[in-house]
Amino acid sequence: MAIERIVSGMRPTGHLHLGHYNGVLKNWVNLQHEAESLFFVADWHALTTHYDDPEIIEKNVWDMVIDWLAAGIDPALATIFIQSKVPEHAELHTLLSMITPLGWLERVPTYKDQQEKLSSKDLSTYGFLGYPLLQSADILIYKATQVPVGEDQVPHIEFTREVARRFNHLYGKEIGYEEKAEEGIKKLGSKKGQLYRELKTSYQEEGDDQALEAAQALIDEQQSLSLGDKERLLGFLEGGGKMILIEPEYKLTPASKMVGLDGQKMSKSYNNTIALREDPKEVEKKIRTMPTDPARIRRNDPGNPNNCPVWQLHQVYSMEKTQKWAKEGCTQAGIGCVECKQPIIESVLKELKPIQERAKDYIESPDLVKSVVAEGCEKARKLARDTMRDVREVMGIDLS
Ligand code: TRP
Ligand code: SF4
């Protein structure tokens with residue numbers, strides 16, 4: 001099929017840290033070279049749980065964009081935007097809500113889980129229940145083929161697929177579909193139009209898969225056809241209606257091995273993070289004061305790396321040789337813990353240096369950040385508007 005398009009979002013929850021970098025961000029940076037990529041700040045999603053904290057969201061949105069740019073998301077390759085600046089997401093959310101059974105939302109596992117986890121907050125709201133549907137709108141509005149997410153988000157992507165399927169089932173045959181397809185064929189010109197018809201017949205009457213593929217390739221190549229015509233002609237080949245919304249696949253983010261300073265997963269809620277914009281002196285201090293194997297009280301006591309979070313960091317940051325040095329030095333009491341931490345301090349600082357330099361450039365020119373986002377929003381809106389035109393039409397509210 002045509003090119004891949006990936007869409008992913010992140011809630012603005014504060015400064016990003018090395019856990020985000022080694023998990024999500026590095027993955028995004030790689031993906032932006034492989035597929036058309038759209039990355040957005042999910043500020044409405046943040047409001048579903050932080051509705052009582054508007055100032056924080058506002059500040060976090062810009063900090064997050066700066067962190068993305070600093071981490072290497074390149075606005076020349078990827079489209080960076082803010083969810084609330086593309087109000088079409090909300091319109092699609094509303095329209096999809098008409099066809100989404102309440103039970104589907106209530107059964108999404110994150111719904112009850114999060115309510116229990118964040119029990120200090122009243123999350124028995126309409127917005128929170130609709131969280132996955134808003135996410136579906138974020139994805140479906142761009143006809144994304146792939147959504148890079150962590151494991152916890154898989155149920156949301158599966159839910160999105162079900163919503164898209166239901167939508168296509170209900171509305172896939174647009175009014176005047178056959179006539180429009182015929183008009184599309186005329187736009188191919190007489191020769192290619194004739195070829196299209198022959199291939200379609202071979203496929204539909206004889207089940208010739210090669211004919212189907214040839215016809216799909218023919219349509220894909222037509223640069224002068226609009227996206228709508230292309231999709232209609234692709235759908236027409238297989239006899240069905242037009243696929244208005246695309247069922248996306250999830251693309252699991254490779255698991256990050258990043259541990260926090262205390263050996264638990266790095267997370268703001270555990271207070272064990274190193275922020276991407278952490279001051280180098282602070283980085284050094286944080287690593288220097290990390291807990292180590294509690295059995296190693298004196299320098300002469302041999303230690304066990306398996307009981308030490310520093311060793312876990314060696315596994316992320318050190319080459320084999322350094323790892324060997326640390327392991328032997330620890331078990332044979334040949335090195336002290338401060339010594340053992342030194343290569344990690346150096347590696348982390350080395351990793352952070354270019355990120356912090358880029359961040360500094362962006363912090364110093366907020367206008368540049370705003371213009372990157374403005375341009376991204378504009379691009380995203382164009383795509384979103386195209387989808388909404390089709391969606392409104394088939395739902396009978398085109399009214400033009
Ligand atoms: N729910 C996602 C998270 O918490 C964020 C998100 C919102 C998202 N909309 C999205 C991710 C669309 C992928 C695609 O991580
Ligand atoms: Fe941990 Fe290194 Fe100290 Fe061993 S020597 S306890 S691995 S910091």
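A polar side-chain atom of Tyr131 sits 2.7 Å from a nitrogen atom of ligand 1, a polar contact (a pair of N or O atoms within 3.5 Å). This is a predicted model: local features need pLDDT of at least 70 and side-chain atom pairs pLDDT 80 or more, while totals for chains, interfaces and linings use all residues. Residues are numbered from 1 along each chain as written, chains are lettered from A and ligands numbered from 1 in written order, and side-chain values use heavy atoms, without hydrogens and water.

**Polar contacts and cover**

- The side chain of Gln153 places an N or O atom 2.9 Å from a nitrogen atom of ligand 1.
- For Arg11, a side-chain N or O atom is 3.1 Å from an oxygen atom of the ligand.
- Of the 370 Å² of accessible area that ligand 1 has on its own, the protein covers 92% (Shrake-Rupley method, 1.4 Å probe).

**The shell around ligand 1**

- The ligand is surrounded by 13 residues (a heavy atom within 4 Å).
- The closest are Arg11, Tyr131, Gln135, Asp138 and Gln153.
- β1 (5-10), α8 (131-140) and β4 (146-149) each give the shell at least two residues; these are DSSP runs, H or I of at least four residues for helices and E of at least two for strands, numbered from the N terminus.
- Helix α8 supplies the largest share, four residues.
- By class, the shell holds six nonpolar, five polar and two charged residues; Tyr counts as nonpolar and Gly as polar.

**Helices α17 and α18**

- Helix α17 (residues 337-364) packs against helix α18 (residues 366-394) at about 90 degrees, with the axes 4 Å apart; axes are lines fitted to C-alpha atoms over the stretch in contact, and angles run from 0 to 180 degrees between N-to-C directions.
- The two helices are therefore roughly perpendicular (65 to 115 degrees).
- Tyr362, Ile363 and Glu364 of α17 meet Pro366, Leu368 and Val369 of α18 (heavy atoms within 4.5 Å).
- Five of these contact residues are nonpolar, none is polar and one is charged.

Conventions. Polar contact = N/O pair within 3.5 Å; in protein donor to acceptor, adjacent residues only side chain to side chain. Parallel < 35°, antiparallel > 145°, perpendicular 65-115°, else oblique.
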